[in-house]
Amino acid sequence: KTILEGRGIRYDEAAAALAAGGSRPLDALRRAEAVHALRTLPDFEPVTTAYKRAANILAQARQKGLWDDSVLRTPVGPPSEGWDPAEQTLAEALQAAREATASLLDARDYPAALRRLVALRGPVDGFFTAVMVMAEDPAVRGRRLGLLSTLVSLFHQIADFSKIVIDTPPAK
């Protein structure tokens, strides 16, 4: 962490990259640099906020015994009847992001992978606006939690964005 901070990486960016795991220092540096670079983009704060919201919902569901990380994340195949259009849009976007980032992550091209994941902002915002994740129907709730779990796991391959501190401008 000290080495990363010595290279101009913020403490929270270093913590986020290190929390994602791995035992290769150079890889942690690349992930931290990618997060640091992402911070300059206008979608950084909304995407980080959405990640934190998804992670918090999942944590609360785990505490209540409503979610187990061992279950299938995003259902395989096309969404079925009865899905809200926002669920369907997010499921399709997550599948496309998973496919698009796989080779980028293998190549350790973390900046490109994060740029691709930031593109999820629209479908994620639409999902949170349109549906209540903690629906009473266990199947619907499980499906929605699965979508959020997929979202969090995609980002977590690079960094744990719950460690990121969103700077708020000083009050006027």
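Axes here are lines fitted to C-alpha atoms, for helices over the stretch in contact, and angles run from 0 to 180 degrees between N-to-C directions. Helices are DSSP runs of H or I with at least four residues, numbered from the N terminus.

What you have open is a predicted model, where local features need pLDDT of at least 70, side-chain atom pairs count only at pLDDT 80 or more, and totals for chains, interfaces and linings use all residues. Residues are numbered from 1 along each chain as its sequence is written, and side-chain values use heavy atoms, with hydrogens and water left out.

**First stop.** Select helix 2, residues 11-19, along with helix 3. Their axes come within 8 Å and cross at roughly 130 degrees. The crossing is right-handed, with the near helix turned clockwise from the far one by less than a right angle.

Now show side chains in contact (heavy atoms within 4.5 Å): Glu 13, Ala 17 and Leu 18 from helix 2, against Ala 28, Arg 31, Ala 32, Val 35 and His 36 from helix 3. That's five nonpolar, one polar and two charged residues.

**Second stop.** On helix 3, pick Asp 27, Arg 30, Arg 31, Ala 34, Val 35 and Leu 38; on helix 6, Tyr 110, Pro 111, Leu 114 and Val 118. Colour by class and you'll get seven nonpolar, no polar and three charged.

Methods
Helix = DSSP H or I, 4+ residues; strand = E, 2+ residues; numbered from the N terminus. Nonpolar A, V, L, I, M, F, W, Y, C, P; charged D, E, K, R; others polar.
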